[in-house]
Amino acid sequence: MLTDLAIARAKRPETPTKMGDAHGLYLFLRPSGARLWRMDYRWAGKRKTISFGVYGPKAVTLADARELAREAREHLKAGRDPMAERRAKRRHHVALASLSIERVADEWFENQTDYAEKTRKRVRSLLNQMPRALATAPISTLEPPAVLEALRQIERRGTLHVARRLKIVLGQICRYAIGCGYAARDPTADLRGLLRTPPDRHHAALTTPTDVGALLRAIDGLPLTSVGYALRIEPHVFVRPVELRLMRWSECDLDAACWIIPAERTKQRADLIVPFSRQVVALLREMPRRDHADLVFPSPRTRSRPLSDAALTAGLRQLGYTRDQMVAHGFRAMARTLLDEQLRFDPAIIEVQLGHKVPSLLGDTYNRARYLEQRVEMMQRWSDYLDELRDAKPTA
């Protein structure tokens with residue numbers, strides 16, 4: 001059984017963690033520091049989870065959560081789904097007082113449990129940029145002109161990307177409101193084509209063989225630190241920088257020469273197999289590894305945390321490359337371009353290895369082993385090609 005003292009002493013976890021109480025009730029701890037009351041139960045043969053809100057003396061206390069859990073169990077005993085009962089109660093409250101967009105947005109945001117922490121921060125930042133007049137407007141009476149004016153207000157600040165992304169998020173919130181009975185329509189659906197198109201933004205990348213060779217030679221001059229090893233390995237595996245930074249030894253099989261990135265860390269929310277070339281296996285085998293330390297690229301300050309977001313980019317800046325020349329994400333564009341133009345690999349195989357969705361006869365069904373034999377061959381040929389570029393004599 002939980003106590004307030006035990007909750008107070010609980011440290012912020014590195015990964016989402018549950019602190020169990022009783023009868024399915026538990027406190028869900030997020031790396032962001034959020035503490036949410038939830039209860040698991042079964043209804044119609046399926047596992048369901050109901051949320052009781054945020055823990056705190058001015059929010060939902062331990063006693064409050066237990067009372068809410070007791071009420072939910074009473075509904076179950078009476079043959080009623082607690083979540084359905086809660087929705088009915090919520091609709092009743094909506095009839096008494098119109099909910100603002102801001103309040104519905106907060107509720108919608110709390111329910112986005114599949115979002116990665118970085119995505120949560122980005123979405124929260126978008127919501128915080130919503131003009132006040134729109135945030136406080138009742139969602140049930142929201143009309144397209146009011147939404148368009150708010151988004152154009154953001155456009156006038158020159159942040160066209162923010163306006164377009166906020167429109168997408170607002171659409172998701174409105175559809176959530178429709179499902180919950182808070183609103184009858186999504187006004188953002190009527191705004192198609194009315195926002196200004198922002199200029200394309202591409203990650204700076206080196207994509208000519210000569211430039212890539214020079215970059216690889218420069219990287220070889222870096223000290224053998226976490227950053228140095230990460231920048232030596234990233235060109236060979238060309239995963240997203242966040243995927244590389246969070247790489248763990250427990251996910252790697254050096255004997256089988258592969259790394260399986262778990263679904264919760266990939267953009268497609270599906271496992272991704274990354275075949276290792278002989279060069280990558282050799283680099284990983286020579287890396288120092290402490291007992292019980294699972295992170296492959298720990299921070300130089302503490303081995304319990306990975307390299308920071310800016311670490312790889314800082315390494316490139318140390319080598320003299322500007323943000324307009326090369327960024328950490330640019331290794332993906334580098335591989336995509338040269339694998340296609342120089343090594344002539346099938347673009348579908350390249351895209352699968354990049355972790356992108358590739359249509360097939362089975363639709364969008366994702367198979368982590370798709371083209372695996374060809375990808376193993378491609379990754380080895382790619383590493384051999386990088387070695388050739390690195391070892392080539394620089395042109396005058």
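Phe238, Trp382 and Tyr385 form one aromatic cluster. The structure is a predicted model, in which local features require pLDDT of at least 70 and side-chain atom pairs count only at pLDDT 80 or more, while totals for chains, interfaces and linings use all residues. Residues are numbered from 1 along each chain as its sequence is written, and side-chain values use heavy atoms, with hydrogens and water left out.

A pair of aromatic rings is described by the distance of the centres and the angle of the planes. Rings of Phe, Tyr and Trp (its six-membered ring) pair if their centres lie within 6.5 Å; planes under 30 degrees apart count as stacked, over 60 as edge-to-face and the rest as tilted. Four aromatic pairs are present in the structure. In one of them, the ring centres of tryptophan 37 and tyrosine 55 are 5.8 Å apart and the planes meet at 70°, so this pair is edge-to-face. Tryptophan 37 belongs to strand E3 (residues 35-43), whereas tyrosine 55 lies 18 residues away in the loop between strand E4 (46-54) and helix H2 (62-77). Helices (H or I, at least four residues) and strands (E, at least two) are DSSP runs, numbered from the N terminus. Tryptophan 37 has 0% relative accessibility and therefore counts as buried; buried means under 20% relative accessible area, exposed over 50%, and partly exposed in between (1.4 Å probe, protein chains only).

The rings of phenylalanine 238 and tryptophan 382 are also edge-to-face, because their centres are 6.3 Å apart and their planes stand at 85°. Phenylalanine 238 is in the loop between helix H10 (226-237) and helix H11 (241-245), and tryptophan 382 is in helix H16 (residues 372-391), so the pair ties together parts that are 144 residues apart in sequence. Both phenylalanine 238 and tryptophan 382 are buried.

Two charged residues accompany another ring. The charged end of arginine 120 sits over the ring of phenylalanine 109, 4.3 Å from its centre, and arginine 124 lies over the face of phenylalanine 109 at 4.5 Å from the ring centre. A charge sits over a ring if NZ of Lys or CZ of Arg is within 6 Å of the ring centre and within 35 degrees of the ring normal.

A positive phi occurs at histidine 23, which is not a glycine, with a value of about 55°. Histidine 23 is found in the loop between strand E1 (17-20) and strand E2 (25-29) and is exposed, with a relative accessible area of 58%.
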